[in-house]
Each structure stands twice: as structure tokens, then as C-alpha cells.
Amino acid sequence: MRPDENVIEELTALRSTDLDAALDPAETEGVYRDSRECAALAAVAGGGAALLSPPTPRPKKG
Amino acid sequence: MEQSGTSTRLQAAVQDLASGVVSVLRDGDHTRAVLPAGTAEAGDLALAAVRVLGADAVLPGLLSGATSDPAEVAVFRKAVEAYPPRSDAAPTVRWSHWGMARALRRLDPNSSSGPPDEPDTRWLDDASWQTLTHQLAVLAPLALPGESCAVSRLAARRPVDVARGFVRAVRRRDWRQAAGAGRWLTLLPGVPDTLGLESGLDFVELMGGQDPMVTLQVRAARLTRTGTLV
């Protein structure tokens, strides 16, 4: 077997850990949407639905 | 965390396969094969991609009830047989494999294998609404109209929790989770009207639609919701 064939075999060999990770993925890191996207949702939904409410404002310090 | 080369290749193969399913769901041409033409042509990576996509790899056939291409069924069967869950497998791995076995029986009624035993749902008994939604989204291929299992019965008892999880997923911009939860919500009784599910699904598709895994779930949800099967 040529060395490049070895490399290809290594690259294509499926690892069970890869399959497990794909079948049982951890929850992705959350990135809360910004106000521009809230506005986009409002435009799509037309108003009135619970999803439209923007993130709860946090109390200002001082 | 850094991904391995095979992990990246597997993800790409899964995305390709999901794109094929979306294309068939969009066109309604359920006679078109999604899976590789035959077991001989289906390499390890392609089979693994079928295993990862689970029962959704044959979703057009499951929704339409049309006779499936025997070559496609053979590939699906090979993926089921090639990747059985290990004894220490996570519940989602067991359930996704169970879902594939169920789908295989639907596609091939002459299959000699009997109905698979359902894994248990103990890991979800005391799950928070956040965990429940995440796990249900991972198991979205089990959300099929007219099909009941322990996971779907458990979800049916917690529609408000799943609705809350859907909103959380949208707000976190986790479009895959939102799409999977949205698909479940189209099947569950008692979902609050105030959720705005239809608008929410539109938004999820708008924002996450470049990912075929998201589009697949949204399309499945819409087909389930409207009762318009492929």
C-alpha cells in the first residue's frame, strides 16, 4: 500500500466517537438574538405572539 | 473543541443527505431515490450518514406511504444493521436506532424481523423543560403522524414545556433545536395558541434555513401540520 493510500484510509476510517457525537450531540452554546432579529420576527409574525416579545430588560445599575 | 477530519466529513455527508431529503419533500417526487443507489456503492461514510440522519433518511417514503425503492430500502437496512447501539449507548442513540428499525418495518412489511422492543424513557422522567426539549429535538425523526412510542407519549404529557423550550431555542438562535421542537409541537395536543408556532417556524426557516438539517425539520413540521403528505 502506498503511503498516500494509508493517509486516505486513516482519513476515511470512521471513528465510533464521531458517530456517537453526531447521534448524541450536546446542546450548542446559546447566543441570544439581538433587537434587529426581534424586529425581523415581528415582521414575519405580524404581532401578538409570545415569540415576539424582546428579551426581558435587565435593571440598570445605579 | 477541535473536530476530527472524519467528523467533518461525516457532518458534510449528513448535510448532503439531508439536502436530498429536503429536495424530495419540496418537489413531492417520492419516487426519486435519496439514498445511494445500492449497498455496493454505499461506502462507510454514506452508511454512517444514513445512521446519523436516522429514520428521516427515508422520511418521504414514511410520509407518503408509497412503495419504496427496494435498493433504497436495502441501503437503509444495511445502515440499521451496521450500526447497532452499543450496550453503553446513550438513550438518544438507542431511540434513534429504534426509530430506524420501526421505519424499516414500515417500508418493508415483509421484513422477517419482529417489532423492535422500545428502549425506556427513564432518563426523561425528571428532565427539566430545557433538557426535555433538547433531547426531543435530537429525536425529531420519531415525530411522525400516526406513530406512537414512549417518547411521543411522554412529549404529549408536556406540551407547555416543549413550547417553552421552542421559544428558548429561538431566543438562543439554536435553529436545529427550534426546528426539531417545532416539529414535535405540530403533533402534540394542548400547545398554547399564544405560542405562534406557525410564525415561529417561518422565522426559524428564515434564520436557519441555510442549514438543510433545519429545513428538513421545518418542512416535516409543515407537512405534518397541513396534513399534506408528500
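This is a walk through the predicted model shown above, from its confidence to a few individual residues.

Some bookkeeping comes first. Residues are numbered from 1 along each chain as its sequence is written, while chains are lettered from A and ligands numbered from 1 in the order in which they are written. Because the model is predicted, local features need pLDDT of at least 70 and side-chain atom pairs count only at pLDDT 80 or more, whereas totals for chains, interfaces and linings use all residues.

Chain A averages 65, and 27% of its residues score at least 70. Among the elements of chain A, helix α2 (residues 16-23) has the highest mean pLDDT, 87, and helix α1 (residues 3-12) the lowest, 52. Helices here are DSSP runs of H or I with at least four residues, strands are runs of E with at least two, and both are numbered from the N terminus.

Now to chain B, which has 12 helices and 0 strands. Of its 230 residues, 47% are buried. A residue counts as buried if 20 or more other C-beta atoms lie within 10 Å of its own, as exposed if 12 or fewer do, and as partly exposed in between, with C-beta atoms placed from the backbone. Two residues are in contact if those backbone-placed C-beta atoms lie within 7 Å. In chain B, 73% of the contacts with a separation of 6 or more join residues 24 or more positions apart.

The domain assignment, which is automatic or taken from a database, gives domain 1 (1-114) and domain 2 (120-230) of chain B. Their contact takes 22 residues from domain 1 and 17 residues from domain 2. On the domain 1 side, α1 (5-27), α3 (59-64) and α5 (91-107) of chain B are the elements that give two or more residues. The largest share of that side, 7 residues, comes from α1(B). By class, the domain 1 side has 11 nonpolar, 9 polar and 2 charged residues; here Ala, Val, Leu, Ile, Met, Phe, Trp, Tyr, Cys and Pro count as nonpolar, Asp, Glu, Lys and Arg as charged, and the others, Gly among them, as polar.

Next, the core. A nonpolar core is a set of buried Ala, Val, Leu, Ile, Met, Phe, Trp, Tyr and Cys residues joined through C-beta atoms within 7 Å. The largest one has 70 residues, and B:Val50 and B:Phe76 have the most contacts inside it. Its largest share, 9 residues, comes from α1(B). Both domains of chain B give residues to this core, so it lies between them. Leaving aside neighbours within four places in sequence, B:Phe76 touches residues including B:Val50, B:Leu35 and B:Leu104. B:Val50 is itself one of the buried residues of α2(B), a helix (residues 44-53) with 7 of its 10 residues buried. After α2(B) comes B:Gly54, with a positive phi near 65°.

Finally, two residues further along. B:Leu201, in helix α11 (residues 197-208) of chain B, is buried because 25 other C-beta atoms lie within 10 Å. Neighbours within four places aside, B:Leu201 is in contact with B:Gly182, B:Val218, B:Ala221 and B:Arg222. B:Arg173 sits in the loop between α9 (159-171) and α10 (175-185) of chain B. B:Arg173 has 19 C-beta neighbours inside 10 Å, so it counts as partly exposed. The phi of B:Arg173 is positive, near 60°, in a residue other than glycine.

Methods. pLDDT is the predictor's confidence in each residue, from 0 to 100.
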